Amino acid sequence: MRFKIVTLGCKLNFAESSALGKVLIDRGHSRCKAGETADVVIVNTCTVTDTADHKDRQAIHRIKRENPQARVIVTGCYAQLKPQEIADMAEVDHVILKRHDIFQGAYSREDRTRCFLKVQDGCNYFCTYCTIPFARGRSRNPYIRDIVREARQALHDGAKEIILTGVNIGDFGRSTNERFIDLIRTLDTIPDVEQNYRIRISSCEPNLLTDEIIDFVAQSKHFAPHFHIPLQSGNNEVLQIMHRHYTRELFAERIEHIKRVMPHAFIGVDCMVGVRGETEERFNDYVAFIRQLPVSQLHVFTYSERANTRMLEMDLYVVPQQERERRSKVLHAISADKLAAFYQAHKGQSGLVLWESKNDHGTMYGFTENYIKVGSPYDKQKVNTFERITI
């Protein structure tokens, strides 16, 4: 059969979709090419917010319109949480649920330049606003030796950059009695790999991003000076309401340590606005805290009520929807200023860029080790190669 996979949501979903595609191809099926009609369309869904759910449903409607004869199969996080809601949609033929008692490995193969490598799944934190533990299950992971084998294969297949992905990757080791620091030390010296390669660490909780990890990245051969750290709120009272596992003081210590040993490091920060209990005073305190942090970019999410979460049981101030949107704009503006300042501070400095394959009207793009996006006249010979440049 000819199949198509449509992926929504995070990089972890993209890695899992890629692994699913490989299984289907290995069993004799073929991926649809442009202009071909699909026999089966698989939709890998996201459910991080109400907006994500809405986009999932929109995608399912559109897919059926574009592929009226195809069987539509829905899987992913939205399917895990609301299987009956999806099964009741006229366009859907099957809903496939995943098992939460095993780890299912995956890495993305479609992009030859970079590989999203799944090293962990699930979460044990149960923050009061979040449904991910219900959608993904408890924290679990494979053995380091299995991850190294997949990383080696990805590099042999031509990837030059590996991004370690998961739900809570700093929690790595619960299933195998290993540690995240053990994993990254091993990946820094992958045996039987001679070519140059780079590794990035995706989102890691501040309480799990230890000084030991930061110091190792600072002196490693292959790990990029690039961190993505969820803050969610810069007010300690709101962090307690959220049931986060750190204070803003600990978060600030992590940022200060990174900047001390890697002044040029890129630091992206997840921020949420509009949760219950976020009064105007607490939000203003949050904004003042985030303004003074030497971070590079904010990834801003607007809170939406999620069924079966503990936050709905709390008798707290409810932020009006219009005010949530205003607060989101405030943080987006701060993020734009911080990103512009980070780019400006590195103008004229040296960077090691990995060039990507897309030809955008005669321009090619790539990212430096510290995640600065740069452009240059397109040169096919440079695709998927590293080049030392002046930014």
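**Lining, packing and pairing**

Author: The lining of the largest cavity has two nonpolar, four polar and six charged residues. This is a predicted model, in which local features need pLDDT of at least 70 and side-chain atom pairs pLDDT 80 or more, while totals for chains, interfaces and linings use all residues. Residues are numbered from 1 along each chain as its sequence is written, and side-chain values use heavy atoms, without hydrogens and water.

Reader: What makes a residue of that lining nonpolar, polar or charged?

Author: Asp, Glu, Lys and Arg count as charged, Ala, Val, Leu, Ile, Met, Phe, Trp, Tyr, Cys and Pro as nonpolar, and the others, Gly among them, as polar. Cys77 and Ala135 are in the lining, so they belong to its nonpolar part. Glu16, Lys98, Arg99, Asp121, Arg136 and Arg140 also line the cavity, and they count as charged. Gly76, Gln80, His100 and Gln104 are there too, and these count as polar.

Reader: Which elements give two or more residues to the lining of the largest cavity?

Author: Those are α3 (77-81) and α5 (132-136); helices here are DSSP runs (H or I, at least four residues) and strands likewise (E, at least two), numbered from the N terminus.

Reader: Why are α7 and α8 called roughly parallel?

Author: Helix α7 (residues 180-187) and helix α8 (residues 211-219) pack at about 10°, their axes 10 Å apart. Angles under 35 degrees count as roughly parallel, over 145 as roughly antiparallel, 65 to 115 as roughly perpendicular and the rest as oblique, so α7 is roughly parallel to α8.

Reader: Which residues of α7 and α8 meet?

Author: Phe180, Ile181, Ile184 and Arg185 in α7 meet Glu212, Ile213 and Phe216 in α8, where contact means heavy atoms within 4.5 Å. The residues of this contact divide into five nonpolar, no polar and two charged.

Reader: Why is the pair of arginine 114 and glutamate 161 called a salt bridge?

Author: The term asks for a side-chain nitrogen of Lys or Arg within 4 Å of a carboxyl oxygen of Asp or Glu. In this pair the closest N and O atoms are 3.7 Å apart, so the pair meets the definition. The whole structure has 35 salt bridges.

Reader: How do you know that this pair links distant parts of the chain?

Author: Arginine 114 is in strand β6 (residues 114-118) and glutamate 161 in strand β7 (residues 161-165), 47 residues apart.

Key. Axes fitted to C-alpha atoms, helices over the stretch in contact; angles between N-to-C directions. 1 Å grid on protein atoms, 1.4 Å probe; cavity = no way out; pocket = protein on both sides within 12 Å on 5 of 7 lines; lining within 4 Å.
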